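Good morning, and thank you for coming. Please look at the sequence and the structure on the screen, and I shall take you through them step by step.

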Amino acid sequence: MKKGCIALLVALVFVVGSFSTATAKFPTKPIKLIVYTKPGGAIDVFARKFTGIAAKYTDATFVVVNKSGAGGIVAIKHILSEKADGYNFAAVTRSNVGKIVSTGNEINVEDLDWMALMVSDPEAIITSRLLPVNTWEQIVADAKEKDGNQIWVGPAAGGNDHIMAMKTWNAAGIKAKWIPYASGGKAMAALLGGHGVVYVGNPQDVIGRPDLKVAVISSPERLGGDFADVPTFKEVGIEGLDNEILWRGFMAKKGMPEEAKAFYHDLFDKVNNDAEWQEYVQRGGAVPLFDKEEKFLATVKKDQEEFGAALKQIGAIK
Amino acid sequence: MELVESFTIGFSVILGWKPLLIIVTGVIFGILAGAMPGLSPSTAVALLVPFSYTMSPALALILLTSIYIASNYGGSITAVLINTPGTPSAAVTAMDGYPLTQQGKAGKGLGTALVASTIGGAVGVLILILFAVPLARVALKFSPADYCALALFGLATVASMSRGNVIKSMVAILFGLLIKTIGTDPISGVSRFTFGNDMLYDGFTLIPALIGLFAISVVFSKFETWTGVGRVMDKIDNKLPSMQEFLKIKYTILRSSIIGTIIGIFPGAGATIAAFISYDMSKRASKEPEKFGHGSLEGVAAAESANSSSVGGALVPLLALGIPGSATDAVLLGAFMLHDLVPGPMLFQDNPEIVYGIFSALIVANIVMLFLGLYGNRLFIKVVSVPEAIMYPVILAIAIIGSFAVNGSMFDVAACIGFGVVGWFFKRYGFPVAPVVLGIVLGKMVEENFRRAVMMDGYGVFYRDKLAFIVLLIAFFSFVWPLYKAWRHHRQPATSGNDEAKI
């Protein structure tokens, strides 16, 4: 009996051992996931959610490492300084691309492996229910009345949301002022206090804040759930703002080995189809997806051009 | 009563060995992290966010808020004992706390800081519990012009901080403001004075600058006058302040606690500004203003009760509206999100056990902090009887580790040493360093809000906005009045007492 047990154990060890060497040469040690903010930032939460759900599908150990500074430049340079062995990858957002452009950095996006674009978060025009102006029609009427003095608030000048605001003004033929705040939270405080009329952000910003509402959403179709009654730009008669998004995803240094590539590809695919992940992403009004290398890189390049043009227009870069 | 009912829920969350153990752990970690230069409250909380991921949401937030409140007190320990503020706001505590240690009265300094922190923390939490929602609404009404005026009022406190030489304090504060111009322009996004260095896009980080100015500068000064023997302090007295001494400062503690809470409520103000302003107010209200800066118990009490009470204040906008009021709040917001919770009005309805669990935990954490502090002080105080030959190298080592810990960047270490050299020069030639911190902390707040106010409504806003106008007037007079008094003082040299004192 005892002998049988031992034999069984030995056999088991062999089976498990051969299994792991045959199918998964990667990873053989913990993988570092670099996050460009301090713990507790929005992208940090995204990364940790990802590792939590990834644990269902792989035994690999992920260590989240926070490398904050310069809006992500520090983290990207860190990735570029490490070996392309697949053991370092980073969480990225569209804002990082903007930062590369605005700081005039020599980082070449072609040196990076744009592994997966996992979340597409539509841009949203957000207003306060406490103010008399809170629907799209009211915003436009108020802007025309104030003739360029209507105040829009949001995070950093030259960022995603600022550029979204400029595009919206152009498309709607209105003029307004952009007053930037140090963070989205502070800008929302300004909207709640009535110091601005519009805040530009993403649908998740209004969750848990009943005084805020999404007036218009940049999406080809209406969102579901809590946002079912929010009109899209097309519905309010504005063309060309159907797919303005803040994406989130993962990238690494270009040139990782094939087995690492296969491992990640498989993992991203599984997480993207995971019910818990989909629920987490959709609750914030965003869309889960899995855009792979070439498609992701094309998005990044398009964003780079758009940031370049917009930042020139506001005079932040030459 | 609804409140009683809610607290029954709240306390039921925290009663049990596990939550209580978590509170005690949080308080101990908070005190130690606060005392460690480099681990500011926000970093201390951030360090344990990943750790709390696996806990239940209520326990995780209880742990993090216990750390938050205790770390604001912890900063005072090193500030009093070795003139090295563990947290930015403790820079104000050091102004009177360290002179007390030099006079051999470290026990009184630590004791006052502890009691003031406990009472301040309790007042802040009480105001949070009772008035969170209406207060948060009022705070939101403040316009950029009002914030600018408030920040200028903060800068004006420099006049009362200077002991004698006003010009030197002005130089110090201007240096701080100058440092703050480095980095990305907060309004236009253009890089300023970064010389293409990635590390400068966010400007100099406050913590390494603070450690350099306070801690490393002391080490350099000591090396300069090195004798090779001696202890940091020959006579130390761990006697706590007497009951009588406490009764004398009770109004200072109460007033500073209220000031601290109110300033804490404004998103973007925070513990450091609260400490500076209440120090200034207490000096004005004091019967012995001449003692400030020379080991006044009132000075220590004002700074510590204000920075601890600001914790309760800062949680007001976070819990009531989901708007982070301080750097630590921003980290807490992330912790909420990790557990799929969104702080704000809905949280009170949907998860009262979390909100009232936090409230109850904050009350308990304050009490735990008092007892741990009373016991700990007897240990901490031994630090100053260490031989100098050990003490100063250890301070240097801790300073370097601390500045590295902030971002894990060697650039910060270099910046810390650079600021150490600056601080050493400052001390050598009699310039105070605390105003530099004031300049760094408030520079951005003044600039951002001034520009926002002008962009929104033009320059006239500072006159049209009545609140901003009144605060600006108060700031102006609070700046000019001490200067006028000093000027009169100089005209009558017969009464000259303790001005021109060395820092």
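Let me begin with a definition: two strands pair if DSSP finds at least two bridges between them. Helices (H or I, at least four residues) and strands (E, at least two) are DSSP runs, numbered from the N terminus. Residues are numbered from 1 along each chain as its sequence is written, while chains are lettered from A and ligands numbered from 1 in the order in which they are written. This is a predicted model, in which local features need pLDDT of at least 70, side-chain atom pairs count only at pLDDT 80 or more, and totals for chains, interfaces and linings use all residues.

With that in hand, consider chain A. Strand S6 (residues 151-155) of chain A runs parallel to S7(A), and five bridges join them. Within this pairing, A:Val153 has A:Ile179 in S7(A) as its bridge partner. Is S7(A) mostly covered or mostly uncovered? Four of the five residues of S7(A) are buried, so to speak under cover; a residue is buried if 20 or more other C-beta atoms lie within 10 Å of its own, exposed if 12 or fewer, and partly exposed in between, with C-beta atoms placed from the backbone.

Next, the domains. Chain A is divided into domain 1 (6-121 + 246-313) and domain 2 (124-227), with bounds that come from an automatic or database domain assignment. Their C-alpha centres lie 30 Å apart. The contact between them takes 13 residues from domain 1 of chain A and twelve residues from domain 2 of chain A; two residues are in contact if their C-beta atoms, placed from the backbone, lie within 7 Å. On the domain 1 side, helix H4 (94-102) and helix H10 (293-313) of chain A are the elements that give two or more residues.

How many residues of chain A are in contact with chain B? There are 37, and they meet 46 residues of chain B. Helix H2 (42-54), helix H3 (73-81), strand S7 (177-181) and helix H7 (184-192) of chain A each give two or more residues to this side. The largest share, five residues, comes from H7(A). By class, the chain A side has 18 nonpolar, eleven polar and eight charged residues. Here Ala, Val, Leu, Ile, Met, Phe, Trp, Tyr, Cys and Pro count as nonpolar, Asp, Glu, Lys and Arg as charged, and the others, Gly among them, as polar.

I turn now to chain B, which has 22 helices and two strands. Of its 503 residues, 60% count as buried. Its C-alpha atoms fill a box of roughly 65 × 55 × 50 Å along the principal axes.

B:Ile67 is in helix H4 (residues 57-82) of chain B. Why does B:Ile67 count as buried? Because 30 other C-beta atoms lie within 10 Å. Leaving aside residues up to four places away in sequence, B:Ile67 touches B:Gly26, B:Phe29, B:Gly30, B:Ala44, B:Val45 and B:Leu48. B:Leu64 also touches B:Val45 and B:Leu48, among others.

Finally, the largest nonpolar core has 265 residues, and those with the most contacts inside it include B:Val45 and B:Leu64. A nonpolar core is a set of buried Ala, Val, Leu, Ile, Met, Phe, Trp, Tyr and Cys residues joined through C-beta atoms within 7 Å.
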